[in-house]
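Good morning, everyone. Please bring the structure up on your screens, and we'll walk through it together.

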Amino acid sequence: MENKESNYLRELIRLLVRELGILEKGDSNCSGVTISQCHAIVEVGRSGEISLNELSEILTLDKSTMSRTINKLVEDGLVARELHQEDRRYITIKLTRSGTKIFENIEATMGKYYNDIFMNIQEDKRQQVLESLKLLTKAVNINKNC
């Protein structure tokens with residue numbers, strides 16, 4: 001029975017990821033940047049400033065991949081690298097004015113999108129969905145560390 005249920009879980013997650021992936025590929029959700037750049041912009045925007053190592057850890061990407069993503073964002077004028085005032089070896093990444101506009105657009109667009117999804121869930125089931133997703137995320141993280 002467990003195998004059948006875990007296969008069903010796998011199928012549901014696969015379908016969910018596919019459906020969300022298709023929607024995220026649209027330019028309207030990520031304001032003309034790639035998905036990886038979009039994730040980086042959101043994390044930098046939410047933190048205000050962040051190091052490359054911290055960003056790599058949050059996005060679970062290796063440092064060289066993250067560095068290439070940031071280099072492209074710097075070239076495009078969306079993020080800036082700044083030397084840390086107290087430790088000149090430490091470089092922080094911050095959004096530029098253009099990057100902030102894209103961040104705010106992404107946050108507004110995705111906020112509306114997920115609000116619309118949430119409102120399509122029966123009101124008496126919404127808390128259950130949130131609790132279930134929290135449990136699922138925790139289980140995935142535990143398994144990832146094994």
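I'll start with a definition. A residue is buried under 20% relative accessible area, exposed over 50%, and partly exposed in between. Keep in mind that this is a predicted model.

Take Q127 as a test case. Is Q127 buried, exposed or partly exposed? Its relative accessible area is 48%. That lies between the two cut-offs, so Q127 is partly exposed. You'll find Q127 in helix α7, which covers residues 126–144. Now look across to E107. Q127 and E107 are 20 residues apart in sequence. In space, their C-alpha atoms are 22 Å apart.

Next, the sheet. A word on sheets in general. Strands pair through backbone hydrogen bonds, in either a parallel or an antiparallel way. Back to ours.

Let's count bridges. β1 and β3 pair over two bridges, in the antiparallel sense. β2 and β3 are joined by five bridges, and these strands also run antiparallel. On that side, A80 stands opposite K94 of β3.

S51 sits in strand β1. Which residue of β3 is the bridge partner of S51? The partner is T92, and T92 belongs to strand β3.

How accessible are these two? S51 has a relative accessible area of 6%, so S51 is buried. T92 comes in at 4%, so T92 counts as buried too. Now their contacts, setting aside neighbours within four places in sequence. S51 then touches Y90, I91 and I93. T92, counted in that way, is in contact with E49, I50, A80, R81, E82 and H84.

How many residues does the largest nonpolar core have? It has 22. Inside it, I41, L55 and I70 have the most contacts. Several elements give two or more residues each: α3 (35–47), α4 (52–58), α5 (63–75), β3 (91–95) and α6 (97–119). Of these, α3 gives the most, with five residues.

Zoom in on L55. Leave aside its neighbours within four places in sequence. L55 is then in contact with A40, E43, V44, I50, M66 and I70.

Last stop, the largest pocket. Its space comes to about 1600 Å³. The lining is made up of 34 residues. Which of them lie nearest the centre of the pocket? Those are L16, L20, Y114, L133 and T137. Four helices each supply at least two lining residues: α1 (2–24), α3, α6 and α7. Which one gives the most? That is α7, with eleven residues.

To close, two links to take away. Thank you.

Definitions and conventions:
Residues numbered from 1 in each chain as written. Predicted model: local features only at pLDDT ≥ 70, side-chain atom pairs only at ≥ 80, totals over all residues. Heavy atoms only, no water. Core = buried A, V, L, I, M, F, W, Y, C linked by side-chain atoms within 4.5 Å. Buried < 20%, exposed > 50% of the residue type's maximum accessible area, 1.4 Å probe, protein only. Contact = heavy atoms within 4.5 Å. Pairing = 2+ DSSP bridges. 1 Å grid on protein atoms, 1.4 Å probe; cavity = no way out; pocket = protein on both sides within 12 Å on 5 of 7 lines; lining within 4 Å. Points joined across faces, edges and corners; volume = space filled by probe spheres on them.
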